[in-house]
Amino acid sequence: MIRKAEFKDLQEIKLLTEASARAMIQKGIYQWNEHYPSLQKLERDIQLQELYVLAKEDKILGIIVITPTKDEEYIPIDWLSKTENNLYIHRLATHPEYWGKGYAQKLMDFAEEVARENNYESVRLDTFSQNSRNQQFYEKRGYRRLGDIYFPKQSEHPFYCYELLF
């Protein structure tokens, strides 16, 4: 079941992101760290009602942020859609215990359905340049790589921006 996150979920969500960060670091992927995603950022996502959880039997297996807000880091990108009628995906994660079970696909299916149902022109996101698995994941879904952005608190390496037009 995918539902909006609630404040009572915050600690479990933070533990999921920490486990995911540790598992990525063990694979040599320094995408998330002690600065990101912060408890404050996750709390704000919940406050804005933009954070969703994939839960099964009261256990949170994955998360995704779906927002119409364009971060300033995205301004220089030459997006395919020339309107501002787009949804942005952030902080897609599944607990490492459940990697490879299709839960990230379910969360992305949900996000894309939200975009279609609400007549958004596209879905936009970024993924870490050192995470080839994520790049393949989005490219198989039809996303096109468009340009690079940087988040210095996360990594010296770029993040690749992707977009899927409807």
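**Helix H4 and its sheet**

H4 lies across E4, E5 and E7 and runs at about 165 degrees to E5, where axes are lines fitted to C-alpha atoms, for helices over the stretch in contact, and angles run from 0 to 180 degrees between N-to-C directions. The model is predicted, so that local features need pLDDT of at least 70 and side-chain atom pairs count only at pLDDT 80 or more, while totals for chains, interfaces and linings use all residues. Residues are numbered from 1 along each chain as its sequence is written, and side-chain values use heavy atoms, with hydrogens and water left out.

Trainee: Which residues of helix H4 are buried?

Mentor: Helices (H or I, at least four residues) and strands (E, at least two) are DSSP runs, numbered from the N terminus. Buried means under 20% relative accessible area, exposed over 50%, partly exposed in between (1.4 Å probe, protein chains only). In H4, residues 132-140, the buried ones are Gln-135, Phe-137 and Tyr-138.

Trainee: Why are they on the same side of H4?

Mentor: The arc is taken from the directions from the helix axis to the C-beta atoms. Gln-135, Phe-137 and Tyr-138 are on the same side of H4 because the arc they cover around the axis is only 160 degrees.

Trainee: Which exposed residues does the face turned away from the buried side carry?

Mentor: The buried residues of H4 pack against E4, H3, E5 and E7, contact being heavy atoms within 4.5 Å. On the face turned away from that buried side, the exposed residues are Arg-133 and Lys-140.
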